Amino acid sequence: MARRSVARLALLGVSLAAIATQLSGCLRTSSGHAPHRGSCFPADAVVIGAAGPKRMADVRVGDSLLGVDAAGKIGFSEVRAWLHRDVDAHSNMTVVETSIGKVVASAKHSIATGTVGRVEYAYADELEMGHELIAMNGSAVRVVSTGVQAAAGFYSPLTYSSNFFVGSSADSVVLAHGFAHNPAPVFSAHVVHALMNIAEVWYGTSVHAIEQEQQRRYLHPVLRAVLAVCPIVSIDAESEASLAWQWFRAPRGAAADDGVQAHVV
Ligand SMILES: *[C@@H]1O[C@H](CO)[C@@H](O)[C@H](O)[C@H]1NC(C)=O
Ligand SMILES: *[C@@H]1O[C@H](CO)[C@@H](O)[C@H](O)[C@H]1NC(C)=O
């Protein structure tokens, strides 16, 4: 048992060290900033499930969401985990209005531009009139205007493809990545999925378990461990030191994430 724990710790250390050095976001981390909470999509965002459009708040681990796979094909991809889910959060989010409607996301959430075959990502607040986003049928839709609006909830599901179509109505969905505050979302998604694989080997898929009704504030345990080593954005100072250990003691996602301010997703 002890030897196994040491092996796990070593493996985790190596993984996290790799992340800490490779995620370019880390290199630009600065501490002195007041945390501006808020990433992800609001509760009333609409995604496309296998049975049709559904509210973000109704999405469950295991659902399939429409997105684009690595080969550039539009199709469904299973929700592997919640990266971040905060039912009670309130924030001001960026509204991007396109020719087909609106999408509301946190300012630094990555929205797809380019084409289905060659997806690129830009932060929501970098988008301007004339930029082209990707509609559900793969066609380009132009940004008409951008703004800010109050939004309730932070929701960030991680699908196997790491992206999904999302909008403020079923007609207005455009492609977005699962990550925010990350200058290299595609690369980082590979790293996060690799860590998820490791976590699943250790703990089984129950590492992604979440009590959707009771856990109103959830941050995935793998992400918590990453943030403890690599505060891509900010983590509350007092909880920082204990985070990696929390992950070992409470690997099932059950620990309250008091004081953790996540901005990655
Ligand atoms: C949203 O922005 C308005 C105007 O700047 C501000 O008064 C309000 O407190 C902000 N709300 C949140 C939740 O940050
Ligand atoms: C694709 O979707 C857009 C936006 O909804 C629509 O304007 C366009 O006509 C559609 N194209 C095709 C080929 O269906």
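Predicted model: local features only at pLDDT ≥ 70, side-chain atom pairs only at ≥ 80, totals over all residues.
On labels, residues are numbered from 1 along each chain as its sequence is written, and chains are lettered from A and ligands numbered from 1 in the order in which they are written.

Okay, strands. Two strands pair if DSSP finds at least two bridges between them.

Take E1, residues 46-49. It runs antiparallel to E2, residues 52-55, with four bridges joining them, and a hairpin of two residues links E1 to E2. Val46 has Arg55 in E2 as its bridge partner. E1 is also joined to E10, residues 163-167, by two bridges, again antiparallel, and there Val47 sits opposite Val166.

Now, keep those two valines in mind for the core. A residue counts as buried if 20 or more other C-beta atoms, placed from the backbone, lie within 10 Å of its own. A nonpolar core is a set of buried Ala, Val, Leu, Ile, Met, Phe, Trp, Tyr and Cys residues joined through C-beta atoms within 7 Å. The largest one has 57 residues, and Val47, Ile111, Phe165, Val166 and Val174 touch the most other members. E4 supplies the largest share of this core, seven residues.

So what does Ile111 touch? Leaving out residues up to four places away in sequence, its contacts (C-beta atoms within 7 Å) include Val96, Tyr121, Leu133 and Val174. Ala122 is also among them, and Ala122 in E7 stands opposite Ile111. E6 (residues 109-115) and E7 (residues 118-123) pair antiparallel over six bridges, with two residues between them in a hairpin.

Over to helix H4, residues 221-229: eight of its nine residues are buried, so the rest of the structure largely encloses it. Arg224 is one of the buried ones.

Last, the ligands; "around" means a C-beta atom within 6 Å. Ligand 1 has His90, Ser91, Asn92 and Ala150 around it, and three residues of that shell come from E4, residues 74-98, the largest share. Ligand 2 is surrounded by Ile100, Ala135, Asn137, Ser139 and Val141.

Key. Buried ≥ 20, exposed ≤ 12 C-beta atoms within 10 Å, placed from the backbone. Contact = placed C-beta atoms within 7 Å.
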